[in-house]
Amino acid sequence: RPDEEFAFLTFGLADALTNSLSSLESIVMRSPLAAARFATSVPDLNAIGREADVDLVLSGTMLRAGDRLRVSAELVETPSGTLRWSHSCQVQVGDILQLEDDLSRRIIESLSLPLSGRERSARTHDVPRSARAYEFYLRGNQLSRELATVQVARDLYLQCVQEDPHFAPAWGQLGR
């Protein structure tokens, strides 16, 4: 069931994982916006592989029970549909940063990618110091896509930088 209170995580987590993994030189990531057109209850892996020119698709589900989130993610090969990797985890709602870090680390491990020093450094760059600041940022990202809620998104970015003045992506959103 859709959970409006945490809908920001649907796009936000996909975007955060894409940004984290795009710092790796050995893989090419597609934007969550580009991938959104394939979002159906039963994705067509042949169409995704062909149209997006990808070998692997990362998909997942998110369920909330009280203050806990359960996230399940899987990497599937296209077009064969072979499951390459899957992982489920539970975190407190306030541990969004831990969730993102855990998922991106596990995805990299599943692909057996060696990381250069620069890539290891890039994976920790622009990480907010506060889960609360990060939540403001993700909620702002969700709302910034609609003209009617741009002002609310701006206010959330301001709250983010008040909470964590060194979080550059929020400053970048304010500068748009």
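How many residues apart in helix α4 are R105 and D102? In this predicted model, R105 and D102 are three residues apart in helix α4 (residues 96–111), which separates them by about one helical turn. Helices are DSSP runs of H or I with at least four residues, numbered from the N terminus.

Residues are numbered from 1 along each chain as its sequence is written. Because the model is predicted, local features need pLDDT of at least 70 and side-chain atom pairs count only at pLDDT 80 or more, while totals for chains, interfaces and linings use all residues; side-chain values use heavy atoms, without hydrogens and water.

Side chains of opposite charge can pair when their charged atoms come close. A salt bridge is defined here as a side-chain nitrogen of Lys or Arg within 4 Å of a carboxyl oxygen of Asp or Glu. Six salt bridges are counted by this rule.

One of them links R105 to D102, with the closest N and O atoms 2.8 Å apart. D102 is buried, at 16% relative accessible area, and R105 is partly exposed, at 36%; buried means under 20% relative accessible area, exposed over 50%, and partly exposed in between (1.4 Å probe, protein chains only).

A salt bridge also joins R132 and E163, whose closest N and O atoms are 3.3 Å apart. R132 belongs to helix α6 (residues 131–143) and E163 to helix α7 (residues 150–163), so this pair ties together parts 31 residues apart in sequence. Salt bridges with shared partners join D102, R105, R106 and E109 into one network.

The side chains of R84 and E77 form a salt bridge as well, at 3.9 Å from N to O.

Notes: Helices (H or I, at least four residues) and strands (E, at least two) are DSSP runs, numbered from the N terminus.
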